[in-house]
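Visitor: I have some questions about this one. Can we go through it piece by piece?

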Amino acid sequence: MTVYSGPVFAMAAKQFGVIADYLAIPADERDRLLMPKRAITISCPIHRDDGSIAVFEGYRVQHHLTLGPTKGGTRFAPSVDLGEVAALAIWMSWKCALVGLPYGGAKGGIAVDPRAISKHELEALSRRYMQEMIPFVGPHVDVMAPDMGTNEQVMAWFMDTYSMYQGRTVTEIVTGKPVASGGTLGRREATGRGVAHLAKRVMNELAIDLSDATAVIQGFGNVGSYAALDLQRFGLKVIAVSDHSGALHRAEGLDIPALMRHTAEHGSIAGFSSELQCDPDSILTMECDVLVPAAMERVIDGGIAQQLRCRVLAEGANGPTTPDADLILEQRQDEIFLIPDILCNSGGVVVSYFEWVQDLQQLFWEEEEVMRREYQILDRAFDQMVIRAKRDGVPHRTAAMAIGVEKVRAAKNTRGLFP
Ligand code: NAD
C-alpha cells in the first residue's frame, strides 16, 4: 500500500525498477531508495477578489535527506497531485546526485491554473502555501525553486513570507529569486542555456553543421524560450514552437527574441501571427535536427517515439518520455541521440545550487563565472554518462540514472540505517 498513485508516479517507479535490475540492487534495498521520506499535503484557503473563499490543495514531497537538504521546484498547474509531485521529487534526487550536488530531491505544487486567477489571488496563494510549509522547510532542510507555472515573482513572495516569520531576511530559503532580492545572475536562463549547450555539444560530435541545422521546441516558457534563444544564437533555425495556446511554424526560422517579447506581454504565443499557425499535434514529429520537449511529462509515448524525425532529443521537460517510448528509442539509438532529462535540464538546479551558496556566503559572482561553472558541471556529467553507456551497452537514460542512484545508494549504505 502506498499513498502515491497515478501514471507519473508509476513511470518513475518503473524507471527505477529498470535501474535497480541493471545495478542488481537487492529487493530489500529498493523501497528504501525509491519511497519518499516525507509527503506534506495542505489546504490553502484564500480570499478571491469577489470576496468569496476558495481552497486549493498543495503538496510538498521530500524524497531523501541523506546527502543534505532537499531541493526542488514548485509547480502551479491543474494536473498537480501527490503522485506527480512524488515522481518529480524522485527524479530530482537522481539528477542532483548525477551532477554531484549535496542535495536530495524534492518537489511541490498547488493544483491550480495560475492563468485563471488574478495577480492578487496568486500572491495570496503563494504566501499561504509558504506559510503552511514553514514547519517542514528551511535553508538546511528543504529549499524550493520555480517550476511550471511559477516564476521569480512567486519565489520573491515565498522568500518574503518565510523571512517575515523568522524576523530577518532569509534569502537562502528559495532559489530562482529576482536578482534584486538575492537571486543569482544567470538563473533565469540557466535551464534553457544548459539544454542548448548540451544539444550543441552533441551536434558537434555528430558533425552536424549548426548553420544548416533546425530546432523544434514544445513549450515556450522559461526552459523552452531560453533554449530556443541560445540555439538560434548558435546558428540554428528554430522552425517551430508550441505552447498551451497553439503552435507556430516557419521554415526559414522564427524570430525568437520577438516571440519572447510577445509572450512576456501577452502570456502566450497566441496572437503573434495568424499566418504561421500550425497544428500543435505535429510539433513532436516534425523533421528537425534538435527536438526540445519543454512542457509536460509523458508527451512522447511509444507511438510518437516511432514517428520522431529528429537527430537529437534534448529533454528540457521532466519526464517527457514514457518507458514504452524508451524501448523504441533504444532500438533507434543510432538515429536519435537522447540527452535524458535528468542531465539535459539539470542546469537549472546547478545554478540554483550556486544561488544558495552565494546567499549563504553573501558573496555574489559574475554571470560569466556562473555560466562557466554550469557548463563545466554539465560537460563532466555528460562525459560520465556517455562513457558508462558505452562501457555497459546501455541507453543514455539508464546510464545517467544509474550514476545518480549509485551515489544515493552509496551514501545511504555508508551512513547505515538508523537506529
Ligand atoms: P513554464 O511555466 O515557464 O512554461 C511551460 C510552458 O509549457 C508554457 O509555454 C506553457 O504554455 C507550455 N505548455 C503547457 N502545456 C502545454 C501543452 N499541452 N503543449 C504545449 N505546451 C504546453 O515552465 P518551465 O519552468 O519552462 O518548465 C517546463 C518544463 O521544464 C517542466 O517539465 C519543468 O518541470 C521542467 N524544468 C524546469 C526547470 C526550471 O528551471 N524552470 C528546471 C528543470 C526542469
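Guide: First a term: contact, or touching, means heavy atoms within 4.5 Å. Also, this is a predicted model.

Visitor: Fine. Which residues does Ser268 touch, leaving out those up to four places away in sequence?
Guide: Ser268 touches Asp243, His244, Ser245, His262 and Thr263.

Visitor: And where is the place of Ser268?
Guide: Ser268 is in the loop between helix H8 (256-266) and S9.

Visitor: Buried or exposed, that Ser268?
Guide: Ser268 has 9% relative accessibility. Buried means under 20%, so Ser268 counts as buried.

Visitor: What does the side chain of Ser268 make a polar contact with?
Guide: The side chain of Ser245, at 3.5 Å.

Visitor: Asp243 was on your contact list for Ser268. What is the bridge partner of Asp243 in S8?
Guide: Gly246. Asp243 belongs to strand S7, residues 237-243, which pairs with strand S8, residues 246-249.

Visitor: How many bridges between S7 and S8, and in which sense?
Guide: There are 4 bridges, in the antiparallel sense. The two strands form a hairpin, with 2 residues between them.

Visitor: What about S8 to S9, how many bridges there?
Guide: S8 and S9 are joined by 2 bridges and run antiparallel. Ala247 has Cys278 in S9 as its bridge partner.

Visitor: What is the strand order of the open sheet?
Guide: The order is S9-S8-S7-S6-S10-S11-S12, 7 strands with mixed pairing. At the edges are strand S9 (277-278) and strand S12 (337-339), each pairing on one side only.

Visitor: Which way do S10 and S11 run, parallel or antiparallel?
Guide: Parallel: 2 bridges join S10, residues 290-293, to S11, residues 312-314. Leu291 stands opposite Leu313 in S11.

Visitor: Change of topic, helices. At what angle do H1 and H14 pack?
Guide: Helix H1 (residues 7-22) and helix H14 (residues 396-415) pack at about 75°, with axes 10 Å apart. That angle makes H1 roughly perpendicular to H14.

Visitor: Which residues meet there, from H1 and from H14?
Guide: From H1, Gln15, Phe16, Val18, Ile19 and Tyr22; from H14, Arg397, Thr398, Met401, Ala402 and Val405.

Visitor: How do the residues of that contact of H1 with H14 divide, nonpolar, polar and charged?
Guide: Into 7 nonpolar, 2 polar and 1 charged.

Definitions and conventions:
Residues numbered from 1 in each chain as written. Predicted model: local features only at pLDDT ≥ 70, side-chain atom pairs only at ≥ 80, totals over all residues. Heavy atoms only, no water. Pairing = 2+ DSSP bridges. Axes fitted to C-alpha atoms, helices over the stretch in contact; angles between N-to-C directions. Parallel < 35°, antiparallel > 145°, perpendicular 65-115°, else oblique. Nonpolar A, V, L, I, M, F, W, Y, C, P; charged D, E, K, R; others polar. Buried < 20%, exposed > 50% of the residue type's maximum accessible area, 1.4 Å probe, protein only. Polar contact = N/O pair within 3.5 Å; in protein donor to acceptor, adjacent residues only side chain to side chain.
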